[in-house]
Amino acid sequence: MASITFKNVEKTYDNGVTVVPNLNLEIADKEFVVLVGPSGCGKSTTLRMIAGLESVSKGELLIGDRVVNDVSPKERNIAMVFQNYALYPHMTVRKNMAFALELSKVPQAEIDQKVNEAAKILGLEPYLDRKPRALSGGQRQRVALGRAMVRDLEVFLLDEPLSNLDAKLRTEMRSQIAALHKRLQTTFVYVTHDQTEAMTMGDRIVVMKDGYIQQVDTPQNLYNYPCNMFVAGFIGSPQMNFLNVKVEKEGDGVVLVYGSSRIPMKHKELLAYVGKEVVMGIRPEDIHVEESYLAVSEAANVNTHVDMTELMGSEIYLYLKANDQKLVARVPAHVNVKAEDDIRVAFDTEKIHVFDKETEKVICQ
C-alpha cells in the first residue's frame, strides 16, 4: 500500500528559514494528487520530502504504514520525474530506461521486456536507439516517464514536468500522464504552478500558500466552493473578479450595494455584516451581456465601460470598468461589443461569492 501521510511535518533550513511550518495531509493509495500554488509556497519542498531529497525537521512522514523520516531515497520505492528530464546524454533512450534495472541486477530478458512495454505505451519505440539530444522536449519527457515506469514503483513524484514544453505539447502530455496513472494504478503526486494542469489532472488538488495548505478538494469543489479569496483567485482563468460592496438591509433580506446596483442576496449569513463592506466575487463567465440575462436579472445589472476586448476564438474577454473598479467578463464571440463602448452587464446572482474583507474567508456562496 502506497498511501502518504504527513503528521505535523515541518521543514526548516539551517539558516532558520521555515518553508513548511506545519503540514498535515493524507494521500490515499492509487490517488492522483496535485500540489499547486505560486512560486515559494512550499509545494516542491513537500515533494522532495516525500522523495527523501529533503529531510523532515519535525513531525512524521509515512509511506504506507512505515515512518520514512530517516529512510534513504533509494529504499522508499518511489520514482521522481523532474522538470529538466535529468536524462544521461551519452546513453540511448533504451539505455536510459534500462539503467536503474541494470544497477539492480535484473535479468536482461526482463529488462528488455519492461523497456519494450514502456516504450510501446509511451510511443517511444521508433526512438529507442537515439540519444536525448536527437529528441524533442516532449519525447525526452516521455523517456523520463518511461525510466520511472519500468521499475514497478509504488509512488510517482512529478515536479513541474511539463513547464519546459510548448502549449500544444503540454496539453498532449497532460492527457498521457493522466492515462498513465489510470493504467499503472499507483499513487501520483504532481507539483505545478499551473492551475489548468491541476484542474484537468488531479483526483484532488492541494492549494498551498506560504507553506500552509489553504484547501484540499476535488477540482470541481475548489472551483465552485473556494474557502477563501486566495483559492478563489488562484483557481480559474481568467481569475475571479473581486469587487468592494456594502451590505444593506432591505425588507427581510439583504442587498449588496455596488454603485447604483442593489443586488439581492438570500444568504442569512450576511445579516451579521449589515452596514459593513465585504468583497463580492464573481467569475468572468457569470457576467452576461445578452438581453435575456439583462431582463431577468435587472437588480443585478451594472453599467460598465469597455476598456479593451480580447478575442479568444469562441469567446471574447471584455475588460470592463465600473464604479472605479476593474473586472473581466467572458462572453460568447457573437456578442457585438467593442472597446470604448458603454454597456450594461448582468451578474448571475446564483453564482456570487461573498468574502470577509479582513479575514478573506468565504461568508457565503
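Six strands make up an open sheet with mixed pairing, in the order 6-7-8-3-9-10. Two strands count as paired if DSSP finds at least two bridges between them, and strands (E, at least two residues) and helices (H or I, at least four) are DSSP runs numbered from the N terminus. Strand 6 and strand 10 (212-217) stand at the edges with a single partner strand each, so one side of each has no neighbour in the sheet. On average, neighbouring strands here are turned by 15° against each other, direction ignored.

Strand 7 (residues 155-159) and strand 8 (residues 187-192) run parallel and are joined by five bridges. Leu 158, for instance, has Tyr 190 in strand 8 as its bridge partner. Helix 5 (residues 167-184) lies across strand 3 (32-36), strand 7 and strand 8, and runs at about 160° to strand 8. Such angles run from 0 to 180 degrees between N-to-C directions, with axes fitted to C-alpha atoms, for helices over the stretch in contact (heavy atoms within 4.5 Å).

## How the model was read

This is a predicted model: local features need pLDDT of at least 70 and side-chain atom pairs pLDDT 80 or more, while totals for chains, interfaces and linings use all residues. Residues are numbered from 1 along each chain as its sequence is written, and side-chain values use heavy atoms, leaving out hydrogens and water.

## The largest pocket

The largest pocket holds about 640 Å³ of space. Its lining has 24 residues, and the closest to its centre are Ile 78, Ala 79, Met 80, Ala 100 and Arg 151. A pocket here is an open set of points on a 1 Å grid where a 1.4 Å probe fits, with protein on both sides within 12 Å along at least five of seven lines; lining residues have an atom within 4 Å of a point. The volume is the space filled by probe spheres set on the points, which are joined across faces, edges and corners.

Helix 2 gives the largest share of this lining, five residues. Strand 6 (78-81), helix 2 (93-103) and helix 4 (137-149) each supply at least two residues.

## The second largest pocket

About 330 Å³ of space lies in the second largest pocket. Among its 15 lining residues, His 267, Thr 349, Glu 350, Lys 351 and Gln 365 lie nearest the centre.

## The whole chain

In total, the protein chain has nine helices and 21 strands. Its C-alpha atoms fill a box of roughly 80 × 45 × 35 Å along the principal axes.
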